[in-house]
Amino acid sequence: VPSWINEKRPEVPIRSMLWLTTLAGIICFILTGLLGAMATEYHRGVDLLAVLTSDKVPRYVRITTYLFPLFVLVTSIPVFSIIMRYNLLE
């Protein structure tokens, strides 16, 4: 957030942008969880990750289950680089 505030234009409202992006993130997380929950069958005491990595799902589902965290981490590297740059400048 501090690095975004340094980059934003003066006419951009901070509070409404933070609330808008927070709500958009919450909606995306809820929709992802609901769609994942509706697409699979669950047994008592089993969570989504256990179902997605089991042998009962197609191979491409297991591959994407293992690759998703990697892609999330790789795409966060530029963001952390910007944050480190601002921390070093101050």
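User: Before we start, what are patches made of here?
Analyst: Patches are made of residues with over 30% relative accessible area and no salt bridge, and nonpolar side chains are joined within 5 Å. Keep in mind that this is a predicted model.

User: OK. Which residues make the nonpolar surface patch?
Analyst: Trp19, Leu23, Ile26, Ile27, Ile30, Leu31, Leu34, Leu35 and Met38. Together they give about 990 Å².

User: Take leucine 35. Buried or exposed?
Analyst: Exposed, because its relative accessible area is 54% and the cut-off for exposed is over 50%. Leucine 35 sits in helix 2.

User: What's the confidence like for the protein chain?
Analyst: The average pLDDT is 84. At least 70 is reached by 97% of the residues.

User: Which element has the lowest mean pLDDT?
Analyst: Helix 1, residues 2-7, with a mean of 70. Helix 2, residues 14-39, has the highest, at 89.

User: Now glycine 36. Where is it?
Analyst: In helix 2. Glycine 36 is buried, with 18% relative accessible area.

User: What is it in contact with, leaving aside neighbours within four places in sequence?
Analyst: Tyr42 and Leu48. For leucine 48, the C-alpha atom is 7.3 Å from that of glycine 36. The two residues are twelve apart along the chain.

User: Switching topic. How many salt bridges does the structure hold?
Analyst: One. Arginine 62 pairs with aspartate 55 in a salt bridge. Their closest N and O atoms are 3.1 Å apart.

User: Why can side chains pair like that?
Analyst: Because opposite charges can pair when the charged atoms come close.

User: And arginine 62, buried or exposed?
Analyst: Buried: its relative accessible area is 18%, and the cut-off is under 20%. Aspartate 55 counts as exposed, at 71%.

User: Last one, threonine 65. Which helix?
Analyst: Helix 4, residues 59-89. Threonine 65 is buried, with a relative accessible area of 14%.

User: What lies 2.6 Å from a polar atom of its side chain?
Analyst: The backbone oxygen of valine 61.

User: What about contacts, leaving aside neighbours within four places in sequence?
Analyst: Threonine 65 is in contact with Leu49, Leu52 and Thr53.

Methods:
Residues numbered from 1 in each chain as written. Predicted model: local features only at pLDDT ≥ 70, side-chain atom pairs only at ≥ 80, totals over all residues. Heavy atoms only, no water. pLDDT = per-residue confidence, 0-100. Helix = DSSP H or I, 4+ residues; strand = E, 2+ residues; numbered from the N terminus. Patch = residues over 30% accessible without salt bridge, like charges linked within 9 Å, V, L, I, M, F, W, Y side chains within 5 Å. Areas by Shrake-Rupley, 256 points an atom, 1.4 Å probe, with all protein chains shown as cover. Salt bridge = Lys/Arg side-chain N within 4 Å of Asp/Glu carboxyl O. Buried < 20%, exposed > 50% of the residue type's maximum accessible area, 1.4 Å probe, protein only. Polar contact = N/O pair within 3.5 Å; in protein donor to acceptor, adjacent residues only side chain to side chain. Contact = heavy atoms within 4.5 Å.
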